[in-house]
Amino acid sequence: MPRKKLSSPRPSSTFTRREAIKLLGSGALLLAADPLPARAAARSATKLKAAPVMEEFPLTDVRLLAGPFLEAQKRDEAYILKLEPDRMLCNFRINAGLKPKAPVYGGWESVQTWADIRAHGHTLGHYLTAASLMYASTGHNELKKRVDYIVGELKECQDAGKTGLICAFPDKTAQIDNLIAGRRAIGVPWYTLHKVFAGLRDAHLLCGNSRARTVLVKFADWAVDATKGMTDEQFQRMLGTEHGGMNEVLADVYTLSNDPKHLALAERFCHKTVFTPLSEGRDALNGLHSNTQIPKIVGFERLYQLTGKREYHAAAEFFWNTVTGTRSFATGGNGDNEHFFPIDTFARHVSSAKTMETCCSYNMLRLTRQLFANEPMAAYGDYYEKTLYNTILASQDPDTGMMTYFQSTRQGYLKLFCTPFDSFWCCTGTGIENHGKYGDSIYFRGRADGGDSLYVNLFIASTLNWKEKKITLTQTTSFPESGRTRLEIKASSPQNFALRLRHPVWASTASVRVNGAAVESSSRPGSYLVLDRRWKNGDVVEVDFPMSLRLELLPGTTDQAAVVYGPIVLVGALGREVKPGDDLHINERTIGSVFNEPIEVPTFAGSVSDIPAKIKPAGAPLVFKTDGVGRPNDVTLLPYYKVAHQHYNMYWKIQSA
Ligand SMILES: [Zn+2]
């Protein structure tokens, strides 16, 4: 949660080609525009001071095929369509002096328990982003209708409100006014406003809604005006309060407006207390609220692209390295009770039911994409893959489509999910975005050494329509149920490009066949296999990477470990089932104090190196059972992403046999 603190259809061509080109670089942004001619893109990209070397494919050009990601996408879409825009718009209308059309939702949107966060209206912003992403991913028109309707309503609110600010806070502008005036403020108003900014950006870029751009720029102009009297010192003091990704979204506004005042404000929104040590390679993160920091870092990397200032990149790269390398659990998630803790205290924090806030993983993945766009290293793909399966895919209830807040490492705990209409957590907001953008990180395009490259980073069944090359690539795979994927090329004419296939860090070897003939192998996990050739219609590429079991130690310990198969974290199925729906939970603050009757959690006997050989396949894909290892009894192990409605265990105490 925010830190509680006293203080396919072608979109209409409403944004210009030049705008589109400038936005190609953003790891945070996706384009619904047709791909642009390479030369034009290259020329205009020089306007970015540090243009990314990678380009994304528009989300409209990637489609998921049957598999767990498509299922998650469909569940999420169904939930998005159940939410009613007029209820999310209620307090925006009231604050603008307009009559609301439906009563406000509960939870963080209106209920007194959470009023001191001042998150009122955050869901509407997330919703605009989520519906826009889902529209780009599916082409379903009802989603675009929703987006267009909400943007129209926000325009009406903005016009009626006169200042440019649009908000849904119960005390209107009071807390923003307090922050700007240097007074004590309640909650995290900039955090909440950031969601509305980002939603308008995405409605414009992904749904081609030009009105969203108008409202967005006017909203940003308000922010410039409202803060212009602040000294730098006053501004920095204000940034002590959580403010989401204001630096990132204002940088994005600048790419649309070309107005330097928006870039200047984006840079003012860089919090020096966090930025300075990171830019100097110092980890001063202990005790800081995790999800307050990560969006700031996404903004640093975006500002590096726009300004060319290396220190922004240095800070982002160092942050990513330290968080993924020293502050993360086996799933890729981080934090306990939403905070970074000293890296030698994992053994204490692992018993918490409030580890790994889902929003943190959402934001770490956004940062990872940004960094990959600037430097295409396989390590970014490796982290992306593990975190995508073990936290994002794992966050959705397969029965209700609802999402987790904390992903608990407490021994023998279970997943609790939000309710559909009474929670509206931060993780509900990022949660509705998560499953509409799986297509954004499977494939990337690079232009290293003057030639074209197609990067395949994820093994997810999907099609890619590479319009510029008139190529369709179909990826067929049952990964992670098998360590194999197959790519088939349909091309109207032969095309030269380098196919770069990620050799995952978890596979000791990888081998590739083209049209049945072995052509390439790799013994360098965490690198790319490169097939640079002239590709023709009907070419088939098959990649094999052997998957194996291993134990991954809890950082800082020698006697607690998680079981991992390839990139997939397995957890022990401890039973004591909960009826689907009974584990939907309104109040995230009480996670850990419900469903906590004692449960027996086995320990493992043996050594970290010997135990994997005693974990055996148990008849179904990705299901394993310990064999003579568990004390007092052996356990069945399942992928964490598949576990719901029963108690589980992720980290096992290991004692010598
Ligand atoms: Zn959250």
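Pro632 sits in the loop that links strand S21 (630-631) to strand S22 (636-639). In this predicted model, the peptide bond from Arg631 to Pro632 is cis, with omega near 5°. The protein chain has a mean pLDDT of 93, and 92% of its residues reach 70 or more. Over residues 6-46, however, the pLDDT is below 50. That stretch, residues 6-46, has 114 contacts in the model beyond near neighbours in sequence.

**Backbone geometry**

- Most residues other than glycine have a negative phi, and most peptide bonds are trans.
- Besides the bond at Pro632, which is cis, a cis peptide bond joins Phe479 and Pro480, where omega is about 5°.
- Pro480 belongs to the loop between strand S7 (471-476) and S8.
- Asn258 is not a glycine, yet its phi is positive, at about 60°.
- The loop that holds Asn258 runs between helix H11 (246-257) and helix H12 (260-268).
- With a relative accessible area of 37%, Asn258 is partly exposed.
- Phe595, also a residue other than glycine, has a positive phi near 55°.
- Phe595 lies in the loop between S17 and strand S18 (603-605), and is partly exposed, with a relative accessible area of 25%.

**Zinc site**

- Four residues coordinate the zinc ion: Glu357 through OE, and Cys359, Cys426 and Cys427 each through SG.
- The distances from these donors to the zinc ion are 2.1 to 2.3 Å.
- The site of the zinc ion is tetrahedral, with angles of 94 to 122° among its four donor atoms.
- Along the sequence, the donor residues follow the spacing E-x1-C-x66-C-C.
- Both Cys426 and Cys427 are buried.

- Strands of a sheet pair through backbone hydrogen bonds, either parallel or antiparallel.
- Thr485 is placed opposite Val543 in S13.

**The sheet of five strands**

- A sheet of five strands is also open; its order is S1-S4-S5-S9-S12 and its pairing is mixed.
- Its edge strands are strand S1 (54-56) and strand S12 (527-535), each of which pairs on one side only.
- Neighbouring strands here are turned by 30° against each other on average, direction ignored.
- S1 and strand S4 (residues 443-446) are joined by three bridges in the antiparallel sense, and Glu55 stands opposite Arg445 in S4.
- Helix H17 (residues 358-374) packs on this sheet and touches S1, S4, strand S5 (453-456) and S12. The direction of H17 makes about 130° with that of S1.
- Helix H18 (residues 378-392) packs on the sheet as well, touching strand S9 (495-503) and S12. The direction of H18 makes about 60° with that of S9.

- Strand S14 (residues 549-553) pairs with strand S15 (residues 560-565) in the antiparallel sense, over five bridges.
- Leu549 has Tyr565 in S15 as its bridge partner.
- The two strands, S14 and S15, form a hairpin with six residues between them. In its turn, Gly556 has a positive phi of about 80°.

**Gly581**

- Gly581 is placed in the loop between strand S16 (568-575) and strand S17 (584-585).
- Its relative accessible area of 28% makes Gly581 partly exposed.
- Gly581 and Gly152 are 429 residues apart along the chain, and their C-alpha atoms are separated by 35 Å.

Technical notes:
Residues are numbered from 1 along each chain as its sequence is written. This is a predicted model: local features need pLDDT of at least 70, side-chain atom pairs count only at pLDDT 80 or more; totals for chains, interfaces and linings use all residues. Side-chain values use heavy atoms; hydrogens and water are left out. Donors are N, O and S atoms within 2.8 Å of the metal (3.2 Å for Na, K and Ca); water is not among the atoms, so sites may look incomplete. Four donors count as tetrahedral if all angles lie between 85 and 135 degrees; four count as square planar and six as octahedral if opposite donors are over 155 degrees apart and all others between 65 and 115; anything else is irregular. Buried means under 20% relative accessible area, exposed over 50%, partly exposed in between (1.4 Å probe, protein chains only). Two strands pair if DSSP finds at least two bridges between them. Helices (H or I, at least four residues) and strands (E, at least two) are DSSP runs, numbered from the N terminus. pLDDT is the predictor's confidence in each residue, from 0 to 100. Contact means heavy atoms within 4.5 Å. Axes are lines fitted to C-alpha atoms, for helices over the stretch in contact, and angles run from 0 to 180 degrees between N-to-C directions.
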